[in-house]
Amino acid sequence: MAGSKVPALRLSGISKSYGKVRALDDLSFDVAEGRFFVLFGPSAVGKTTTLRTIAGLVATDAGRLEINGHDVTTAPIAGRGVSMVFQSFALYPHLTVHENFAYPLKEEGVGREEIDTRVKETAAMLKLSHRLERKPNTLSGGEQQRVALGRSLIRRPKILLLDEPLTNLDAKLRHDMRAELKRLHRQFGMTIVYATPDELEALSMGEEIAVMRNGAVVQRGTPDELYERPVDTYVAGKIGSPHMNMVRATLSADLSSLDTPLGKLLSGRKFHSGAAGEAALVGIRPSDLRPAIEGEAAVPSRVHLIEPLGDVTVVSVEAGGETLRMVLPEQSASGLKPGDAVPIAIDLSKIHIFRAASGQAMT
Amino acid sequence: MAEHNSIWETLGFRKASGVGEAGWGRTLAVAIVSFIYFLPVLFIIFTAFKPQDAALSVPPTLSPTSLFGLIPEQFVFTPTLENFGSVFMRSMTAGGAPEPTGFDRYFFNSIVIASSSVLLALVIGTLAAFGFSRYPLKGNDTYLFIILTTRMLPAIVVIIPVILMFRVVGLSGSYTGIILLYTAFNLAFTIWMMKSFFDELSLDVEDAARIDGSSDTGVFFKIALPQVIAGLAATFVFGLILTWNEFLFALLLSGPDTRTVPVAMNQAVSSGGRGTDWTLLAAIETLFLIPVFLVTFFLQNHLLRGVTFGTVKR
C-alpha cells in the first residue's frame, strides 16, 4: 500500500432501509486522512444514519465500508478506532464527569493510573478540571458538550464523528465551540466527519463538504467549489446566504443568451448541453446584484423591502414580476427606501444556469 | 433539636424545610386527610397494646395516654405487651398450659417466600423487560399482552387449574411451589413496570457506550441498570406488598410447614370456638406490618427520586 494514499474512510454503495423508508441510497464518498469533512443537508437526509453506519451501530443492507483500507462493513463496533459525539450529548447520567471520561478507557482495559492521568489531561484541555466530581445534569449545556467531546477524544480516535454537536447550544456558545473544535482538530489531526444542517457551520468549518439529499451525496467539494459551481438548484439553494435568486428563463437559439422577465441576459458562455428554446432557471447570487451606475446596462426595479444586518443590508426589489434579493454594503444601501425605483446591474459572468425540468446545472 | 434532626436524616428523611410553597392551609388539609387514612392502622396498633377488656369496652378506649389530662379517663387504656407474647405462646384450651403457636415459623415463611419470589421476579423480569424494550420480537406487544392476562383474572378464577397443575407436578405444600407461583404472578407486573422504565432511557446513551467499547451485556449492567434503580426499588416494594399480603393462593397451596402469616392469622383468630380474639389479631397484624414498613422506609429515597431526571436533552 506504500505510496498510494489510502483514504481514512471510504463508503461505497451503502444502502439502508427502515421498512419502506430508504435512509441511505447507494451512498458513496471517501474522506482523506486528517480531513475535516462535513456532511451537510436538512434533517432526515440520512446524515445521522451515515455516522451511525460508520460507527457500526447500523447494519447496512448493501455496500462496503472501509477504514484505512480495511473492510469493516460487518466488523464489531469496538476496535474501529471511531468515536462519536451525539446531538443529545448522550452522557452517562449516573456517572460523574470523571467516570464519564474514564469509561471508554476502562472498557479498553487501560490501567487505573494511566486513566487518572488522561482524565486530568482531558479535563484541563477542556477547562473542566473543577467539574470532575459533578454529575452531568448539574452542568450547563456548554459544559455537557465539552464532556461529550472529552469522552470521545480521550481514546485518541482515528476518526471522530460529530452529529450536530452544536445544535443544542445557544448562539454565543456555538460560535465559541466552532473555534474550539477547529483548534482540537489542528491539535490532534484526526479525521473528522461532522454532520450539520447549518450552512454557516458547514462553510466555516468544513475543509470539504458533502451535500446530502435522500440518503445520497448530491455534490462534494470545498466550500468555494460548492458556492461557485453548484451542480443543481438543490445545492445552489442550500449554500449561500441569502439564498440564490432564481429567475425563470428560456435558452435562446444561440445557446448562450437567455430570455427572462428581466429582459435578455447575455451569459457570454455557450451551454452546449442545452437545447434551443429549453426552459431554464437563471441563478443569481444576491451578492452579484448591485445598483447600476449611469450608462451601464441595467434592469429597472423597485425596492420593496430593506433588511439592515449591520455591515451589510439585504434589499429586496421587484423587477419584471420577479422578486430579487441583493446584498449591499451598508453605506450604498443607506439612501434607499421602499418604493424607490432603482436600476440594477447583474454580474453576468457569475450567473448560474439550470435546467428547469431537472434542476441540473447546464454546461 | 439539632441532634434529633441528624438522626432522622440518617434514617432517610429529608431535612424539614418548614411549610412548603403550598402554605399552611393546604398543608393542614393534607395532614387531616392523611390522618384519616392512617386511622385504621393506628386503631389496629393501639388495639394490639390493649388489655382484652379495654379492646371491647363501650365507649371504645382511644389512647394509651391522657395527654396531660386532655383526654377523659374513660377513653384511656393501660398499654400491655401481653398480646404480643400470646402471638407466639398461648394456651390452646381453656385453662391449659401455654404452648408454642408456630407463628415464628409462619413469619419466617412469609419473609422467605415473599422476598425470594419478589427478588426472583425482579431478576428475571428486569432481564425480560430489557429484552422486550431493546430487542423487540415480531408481535412484541402481543407477548406483553399475554403476560398481563395472567393478572387480568381474579385469583379465585385461576386457582383450580393452578391447584391441578401443582398436584400433577407434586409442588403442593412446598416452598418451591408457592415461591414459583408468586414469582410468576410478580413477573407480569415486574416486566411491565421495568419495560416502561427502560423505554424512558435515552438510546443514544447506550449507543455511546457501545462505541466506547461496551458489549451488550456491559451496556445492560453498566449503563441501563444503574439508571433504573428507582424503578427497581419501586417495583420491589409494590411486588413485596402484594405478595406479603396475598391470602387465597397461600391458603390453598401452602402446607402446614409452608403456611404464611395471612393464612395462619385467619386460622388463629377463628379457631377454639371462643369467638374472635381481637387483641391477638391486632398484635399479629402489628408485627406483620413491621417488615414491609421497614423495607419501604429504607427504599423511600429511591422511590422518590429518579436518577435520570433532566440528564439528557431531547
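Helices (H or I, at least four residues) and strands (E, at least two) are DSSP runs, numbered from the N terminus. This is a predicted model, in which local features need pLDDT of at least 70 and side-chain atom pairs count only at pLDDT 80 or more, while totals for chains, interfaces and linings use all residues. Residues are numbered from 1 along each chain as its sequence is written, and chains are lettered from A and ligands numbered from 1 in the order in which they are written.

Back to β3(A). Phe36(A), Val38(A) and Phe40(A) point one way from the strand, Phe37(A) and Leu39(A) point the other way, and all are buried. Strands count as paired if DSSP finds at least two bridges between them. On that basis β3(A) runs parallel to β8 of chain A (residues 191-196), with 5 bridges, and parallel to β9 of chain A (residues 208-213), with 4 bridges. Val38(A) takes part in both pairings: its bridge partner in β8(A) is Tyr194(A), and in β9(A) it is Ile209(A).

Tyr194(A) turns up again in the largest nonpolar core, which has 146 residues; Tyr194(A) is among those with the most contacts inside it, along with Ile159(A), Leu161(A), Val193(A), Val282(A) and Ile284(B). Such a core is a set of buried Ala, Val, Leu, Ile, Met, Phe, Trp, Tyr and Cys residues joined through C-beta atoms within 7 Å. In soluble globular proteins, nonpolar side chains tend to be buried together. Helix α8 of chain B (residues 175-200) gives the most to this core, with 12 residues. As for Ile159(A), leaving out residues up to four places away in sequence, it touches Ala8(A), Leu9(A), Ile67(A), Gly81(A), Val82(A), Met190(A), Thr191(A) and Val193(A); contact here means that the two C-beta atoms, placed from the backbone, lie within 7 Å.

Two open sheets of chain A come next. One has 5 strands in the order β15-β19-β16-β17-β18, with antiparallel pairing. Its edges are β15 (289-291) and β18 (322-329), each with a single partner strand, so one side of each is left without a neighbour in the sheet. Neighbouring strands are turned by 45° against each other on average, direction ignored; axes are lines fitted to C-alpha atoms, for helices over the stretch in contact, and angles run from 0 to 180 degrees between N-to-C directions. β15(A) is joined to β19 (residues 341-346) by 3 bridges in the antiparallel sense, and Pro291(A) stands opposite Ile344(A) in β19(A).

The other sheet also has 5 strands, ordered β13-β12-β11-β14-β20, and its pairing is antiparallel. β13 (263-266) and β20 (352-355) stand at the edges with a single partner strand each, so one side of each lacks a neighbour in the sheet. β12 (residues 257-260) and β13(A) pair antiparallel over 4 bridges, with Ser257(A) opposite Leu266(A) in β13(A).

Between the chains, the contact takes 22 residues from chain A and 20 residues from chain B. On the chain A side, β6 (82-85) and α2 (97-108) are the elements that give two or more residues, and α2(A) has the largest share, 4 residues. That side divides into 15 nonpolar, 5 polar and 2 charged residues, where Ala, Val, Leu, Ile, Met, Phe, Trp, Tyr, Cys and Pro count as nonpolar, Asp, Glu, Lys and Arg as charged, and the others, Gly among them, as polar.

Chain B itself is divided into domain 1 (22-80) and domain 2 (103-304), with bounds from an automatic or database domain assignment. The C-alpha centres of these two domains lie 34 Å apart. Their contact takes 8 residues from domain 1 and 6 residues from domain 2.

Technical notes:
Buried ≥ 20, exposed ≤ 12 C-beta atoms within 10 Å, placed from the backbone.
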